[in-house]
Amino acid sequence: MKKFSFFSLIFIAIMLCTCISSGYFLSSVILSSRLFQTTSQISCETTTFYALSLYESDKREDLLPFIKNLQSSNGAGHLFKQDNIYHIITSIYNNVNDAELVKNNLKLNNYESKILEIEVSQCSIEGNFENQEKEILQKCFKINNELYNCLYDVAISLDTSVIDKTKAKLDCNTIYSNFIATKTNFETFFKSDNLSEDLTTIANQLNQTDKFLSDLIAENYETSSQTFSSLIKLTYCKILLSNM
């Protein structure tokens with residue numbers, strides 16, 4: 001049987017190393033270039049909310065004196081403009097029946113109010129995204145609605161004495177921590193120095209929501225008599241309505 005020479009073995013070893021190195025290089029190029037990814041569109045549906053307006057005027061300054069009184073009575077006191085009319089929002093509901101119930105209760109106490117139907121427009125983005133990136137973007141698109149639902153539950157529980165103020169603060173801290181996890185994931189996968197226009201918009205919205213939640217956690221009240229329940233409601237009003 002013919003024996004391999006020492007130099008033949010060395011040559012074979014070199015060729016094997018070259019093939020392995022080439023394989024690693026090609027796989028890296030393919031992954032970095034996203035060669036096998038297809039363009040996909042990630043979107044969220046339009047959501048309808050129902051805001052309860054307690055005061056309205058075509059002049060913003062006419063409404064400012066009412067904000068303090070409303071915020072001292074657990075109302076959001078959020079100033080919102082729709083169709084050239086300014087409104088002071090006391091809260092927001094995700095179904096019209098809840099809004100009607102509160103409206104009727106207010107009427108029994110001699111307060112007239114108005115239900116505003118507000119549509120939060122559909123958002124979408126198109127591009128070549130890995131599965132994890134898609135999941136993160138979908139989470140970002142849903143985060144404001146999720147924050148609203150969580151904060152709304154805390155506010156209702158506080159108003160009905162199911163929980164006290166200390167527990168409400170702890171719950172808000174947890175909500176904020178969960179939001180920060182989503183924001184951090186986005187920033188990890190999408191670097192700030194290389195963002196498209198759509199991704200920049202998402203980043204700006206996350207930063208804005210971070211500011212609103214930070215003000216809540218720090219208890220940065222708008223008025224000296226504002227309650228914590230009012231601050232929670234004001235926070236979710238800002239999160240849902242500030243980009244409209």
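Helices α5 and α6 are roughly antiparallel to each other, because their axes cross at roughly 160 degrees and angles over 145 count as roughly antiparallel. Helix α5 covers residues 165–189, and its axis comes within 10 Å of that of α6. The crossing of α5 and α6 is left-handed. From α5, the contact draws on C172, N173, Y176, F179, I180, K183, F186 and E187. From α6, it draws on L199, I202, A203, L206, N207, T209, D210, L213, S214, L216 and I217. Sorted by class, the residues in this contact are 12 nonpolar, 4 polar and 3 charged.

Helix α6 has another partner. Its residues 197–217 also meet helix α4, residues 131–159. The axes of α4 and α6 come within 11 Å and cross at roughly 25 degrees. That makes α4 roughly parallel to α6, since angles under 35 degrees count as roughly parallel. The crossing of α4 and α6 is left-handed. On the α4 side, the contact is made by L137, C140, F141, I143, N144, L147 and L151. On the α6 side, L199, I202, L206, T209, L213 and L216 take part. By class, the contact of α4 with α6 has 11 nonpolar and 2 polar residues, with no charged residues.

Stay with α4 for one more residue. S157 is found in this helix. Leaving aside residues up to four places away in sequence, S157 touches V162 and I163. S157 and S229 are 72 residues apart in sequence, yet their C-alpha atoms are 9.5 Å apart in space.

Now turn to the sheet. It is an open sheet of 4 strands, with antiparallel pairing and the order β3-β4-β2-β5. The edge strands are β3, residues 78–82, and β5, each pairing on one side only. From one strand to the next, the twist averages 50 degrees.

Walk across the sheet from β3. Strand β3 joins β4 through 5 bridges, and the two run antiparallel. Here F80 stands opposite H87 in β4. Next, β4 (residues 85–93) pairs with β2 in the antiparallel sense over 7 bridges. In that pairing, S57 has Y86 of β4 as its bridge partner. A51 stands opposite L116 in β5.

Helix α2, residues 60–71, lies across β2, β3 and β4. Its direction runs at about 30 degrees to β4. Helix α3, residues 96–108, packs on the sheet as well, touching β2, β4 and β5. The direction of α3 makes about 20 degrees with that of β2.

How far can the coordinates be trusted? The chain averages a pLDDT of 87, and 84% of the residues score at least 70. Over residues 29–36, however, the pLDDT is below 50. In the model this stretch has 6 contacts beyond near neighbours in sequence. Where pLDDT is low, the predicted coordinates should not be read in detail.

How values were computed: Residues numbered from 1 in each chain as written. Predicted model: local features only at pLDDT ≥ 70, side-chain atom pairs only at ≥ 80, totals over all residues. Heavy atoms only, no water. Pairing = 2+ DSSP bridges. pLDDT = per-residue confidence, 0-100. Contact = heavy atoms within 4.5 Å. Axes fitted to C-alpha atoms, helices over the stretch in contact; angles between N-to-C directions. Parallel < 35°, antiparallel > 145°, perpendicular 65-115°, else oblique. Left-handed = near helix turned anticlockwise from the far one by under 90°. Nonpolar A, V, L, I, M, F, W, Y, C, P; charged D, E, K, R; others polar.
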